[in-house]
Amino acid sequence: MKIILVYGGQSPEHEVSIMSAYAILQAIFYSYYEVTPVYIQKNGRFKIGDVLHEAPTEMDSLRLLQQAEVEPTSLYQPEALVFPCLHGPNGEDGTFQGFLETLNMPYVGCGVLASACGMDKIVTKNLMLQAGIPQVPFVPVIQDIWKENPRAIFERIEGALLYPMYVKPANMGSSVGITRVEDRESLQKALGQAFQFDRRVIVEQGIDAREIEVALLGNHEVRTSLPGEVKKPVDFYDYQTKYENQDVELVIPAVLAPETQEKVLQYAKQAYQILAATGLSRCDFFVTNSGEVFFNEINTMPGFTPKSMYPALWQERGLSYGDLIEELIQLGLNRFRQKQERQQSLTK
Ligand SMILES: Nc1ncnc2c1ncn2[C@@H]1O[C@H](COP(=O)(O)OP(=O)(O)O)[C@@H](O)[C@H]1O
Ligand SMILES: [Mg+2]
């Protein structure tokens, strides 16, 4: 069977994606699969590598320096499954998934809808709000409206939220463009910064809480891991802390009261189903010392490096990294088969 592993991409999470892809290439079962690496460079241009029958030994070889650029549609191969190992905008947000739907290729992970909704913090929060899943208070800010009357926006934000607040671009990831602010002056600066990444921004009430994450796996029937905790030396889990700081500790499973754990798992499953997620997702929460649970976000293509929470949570449940990849491949193929069956029965 042919696998096309796509990585890199135009998002700020380019390097993270390469690390995830490298780890996947170490673990994939080469006795069943041959893998074609497809590298999307930072400029958005595609490169296709030679077919791999064994794990590459150097991460840098994934940059395919010797290869010429090709058209995106060149990745098409009949009977091949695509593994989009792409994080952030243009990869995790449904755009690439839409491209694969158009090519009618099977792929790993969430479809267009779940990817697009999950990537957008405002849309996700509104969906969870409607389902009654608890979240910290938030105010969405649209750039054009803010420009028209910044003062009114400040008043609305300060009327609804208390400092410290978190200012985030609606569509990003890996903490890129996010600032913790303590007063109006820094709020103003942070909004300007966030608008460099997106015309839609969300301002949230900051809370002092533990960061608890749950791994989800499945299509119609979804399984949850036990929750894990990210323990970090700083308040704000920023990009550097996430990928460079050695002091981040993953506690798996997280030490939680049984009723708190129950809530976290239930909300995670609910969030997955509300988004119509398939394949995989990681659902992140804040849990206060008094046991209050707040949904933070859902990541439809969570970090997949050897140090990442998602594979580690499954490891704890007895599912190895290699077996996890195998399951994701099967889930992607199943979803595609079901779609094809539906199409066939409609055209009969
Ligand atoms: N409302 C909040 N209160 C406290 N800390 C927050 C809040 N929002 C975000 N953070 C901190 O910022 C980090 C990144 O925010 P998050 O919403 O998870 O964005 P990303 O999609 O970039 O991961 C979180 O892991 C957490 O450390
Ligand atoms: Mg996060």
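Axes are lines fitted to C-alpha atoms, for helices over the stretch in contact, and angles run from 0 to 180 degrees between N-to-C directions. The model shown is predicted, with local features requiring pLDDT of at least 70 and side-chain atom pairs pLDDT 80 or more, whereas totals for chains, interfaces and linings use all residues. Residues are numbered from 1 along each chain as its sequence is written, chains are lettered from A and ligands numbered from 1 in the order in which they are written, and side-chain values use heavy atoms, without hydrogens and water.

**View 1. Packing of helix 1 (residues 14-27) against helix 11 (residues 321-347).** The two axes lie 9 Å apart at an angle of about 100°; helices (H or I, at least four residues) and strands (E, at least two) are DSSP runs, numbered from the N terminus. Helix 1 is therefore roughly perpendicular to helix 11 (65 to 115 degrees). Ser-20, Ala-23, Ile-24 and Ala-27 of helix 1 meet Tyr-321, Gly-322 and Ile-325 of helix 11 (contact: heavy atoms within 4.5 Å).

**View 2. The open sheet of four strands, in the order 6-9-7-8.** Pairing, which requires at least two DSSP bridges between two strands, is antiparallel. Strand 6 (138-142) and strand 8 (179-181) form the edges, each pairing on one side only. From one strand to the next, the twist averages 25°.

**View 3. Strand 6 beside strand 9 (residues 200-205).** These antiparallel strands are joined by five bridges. Pro-140 has Ile-202 of strand 9 as its bridge partner.

**View 4. Helices lying across the strands.** Helix 6 (residues 150-160) lies across strand 6, strand 7 (165-169) and strand 9, running at about 170° to strand 6. Helix 7 (residues 184-194) lies across strands 7, 8 and 9, at about 15° to strand 7.

Key:
Angles under 35 degrees count as roughly parallel, over 145 as roughly antiparallel, 65 to 115 as roughly perpendicular and the rest as oblique.
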